[in-house]
Amino acid sequence: MGDERDLEIDDLINNLDKEYHSAHPATNGSYLTIQKSRELNSLIQLWTHERTCPDILPYAHELLDTILDRVRGQIEVIEEYTTSADSSGNAKLKVLFVETELERVKFLVRGYLRARIHKIDNYYMHILNNPDVQRKLSQSELRYTKRRANQLKRYYNLRFLSSLPQLLQRLDDTAGGLQMVDEPDLDEVVFIRVLRDAPGEVDLGNDDKIELRKGNIYVLPYRVIRQYVDDGDVQLV
Amino acid sequence: MYGDLAVKLVQDSKRTLSLDVLPSYQTDLVNAIIREIRDLQRDVKILIDQRGPNYRASQDRRVSCAIFVLQICMRRNKRCLLAYHRLRARRLETLVWSGFEASSIGSEEDSEGATALTERPSVASGWHPDEEEYLRGYGDVLAELKGEWTDIDLTGSMEPPRDLFIDVRVLKDAGEIQTEYGLITLTKNSQFYVRQGDVEQLIQQGYIQKLR
């Protein structure tokens, strides 16, 4: 019984593929599939990176735009199917596939954005004081940061800040040797997997050095392997 | 002694961390700390004024030490105030993310389902009006951000989706919802097998519960 059902689903997927090719003869099918799964993998990696990295990573404009385009496309497909008179079992199943996939992609994008917003909320003052960090944010995120900061400042001011002596009214002073602004802790340790043998050794300080070998997993402070993450030599896990 | 009041505020913050509900705002305590800071500032001013315009910190060690201690106390108090308010602001933000709306403040008690929703934050007793305003303000900020991501539904579930359809039980009457498979009337205690995306909002608002 179980086997029979598996078989049926495989057939259906094959049929879907064939139908797709006959409907879009101009596109090179296999290329498209590879391309699509590569983007999905990039999205998964992006999501993992953002969630494990202590710092805010640059916003992935290109990938997100592509994925969002595709999401909109899939929503249209679903709407087309549901409004069309074709309500046979096959069509419904197809819509189910698309919808399930869509929910998964949406979950990843949501997780990615929420992880960023979480960091933005924590380090908003650091962001607002550093144009370099601001460049890592999307327009929408930057707008959110500024508007939230305004609300927060207003709340603080109303409650106590404006009643304090002038000298103490700032939200970002560093006097007295105390840094008031929360910053990402770059020394936080992260798990990494090495994708390519990195040239040279990583300097861990205290005369400690380590060689990154392909395929190995290391636990290191983010600061020392930051460059390798940016270059794509290692992957955060 | 200096800083005693601030310790109380920090203790209250600690307590808040372990509570599900945001406790009352400590208006008196906060005001007392503000007063203390101002008193300290006045003391500093008196000390400096006494020395006259030619005062230099390096000349009179005793006085500069006294001023230093006063300054540190003021800054410490400020830090405690900030920590307390930051914690409360973050809690309010969490509420907004979970679908809580400022407009429902005060109307929560009279809804008959209130007892069934014990895990929902019961609201507004003892909040400061400024906090309600922050809640509203942040609500607007978040609404705008959400508006830019309509396809994604930012406040949606953070659990990985396993099934498109889920079993749910209705905890309190929620009226009718329109799904692509027709109209569903959600009456209390009934159970349905529905598309998760269609009822996400209602789960967050506590109208219905997901069954495992």
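In this predicted model, helix α2 (residues 27-51) of chain B packs against helix α3 (residues 61-97) of chain B at an angle of about 160°, the two axes sitting 10 Å apart. With angles over 145° counting as roughly antiparallel, that puts α2(B) roughly antiparallel to α3(B). The crossing of α2(B) past α3(B) is left-handed. On the α2(B) side, the residues making the contact include B:Val30, B:Ile33, B:Ile37, B:Leu40, B:Val44 and B:Leu47, along with B:Glu36, B:Asp43 and B:Arg51. Across from them, α3(B) brings in, among others, B:Val63, B:Ala66, B:Ile67, B:Leu70, B:Cys73, B:Met74 and B:Leu81, plus B:Lys78. Sorted by class, the contact comes to 13 nonpolar, three polar and four charged residues.

Zooming out, chain B has five helices and five strands, and its order along the sequence reads α-α-α-α-β-β-β-β-α-β. Of its 212 residues, 19% count as buried. As for contacts within chain B between residues at least 6 apart in sequence, 69% link residues at least 24 apart.

Then there is the partner chain. Here 31 residues of chain B are in contact with 33 residues of chain A. On the chain B side, the elements giving two or more residues are α2, α3 and α4 (129-147). The chain B side that touches chain A splits into 18 nonpolar, five polar and eight charged residues.

Note on methods. Residues numbered from 1 in each chain as written. Chains lettered and ligands numbered in written order. Predicted model: local features only at pLDDT ≥ 70, side-chain atom pairs only at ≥ 80, totals over all residues. Helix = DSSP H or I, 4+ residues; strand = E, 2+ residues; numbered from the N terminus. Buried ≥ 20, exposed ≤ 12 C-beta atoms within 10 Å, placed from the backbone. Contact = placed C-beta atoms within 7 Å. Axes fitted to C-alpha atoms, helices over the stretch in contact; angles between N-to-C directions. Parallel < 35°, antiparallel > 145°, perpendicular 65-115°, else oblique. Left-handed = near helix turned anticlockwise from the far one by under 90°. Nonpolar A, V, L, I, M, F, W, Y, C, P; charged D, E, K, R; others polar.
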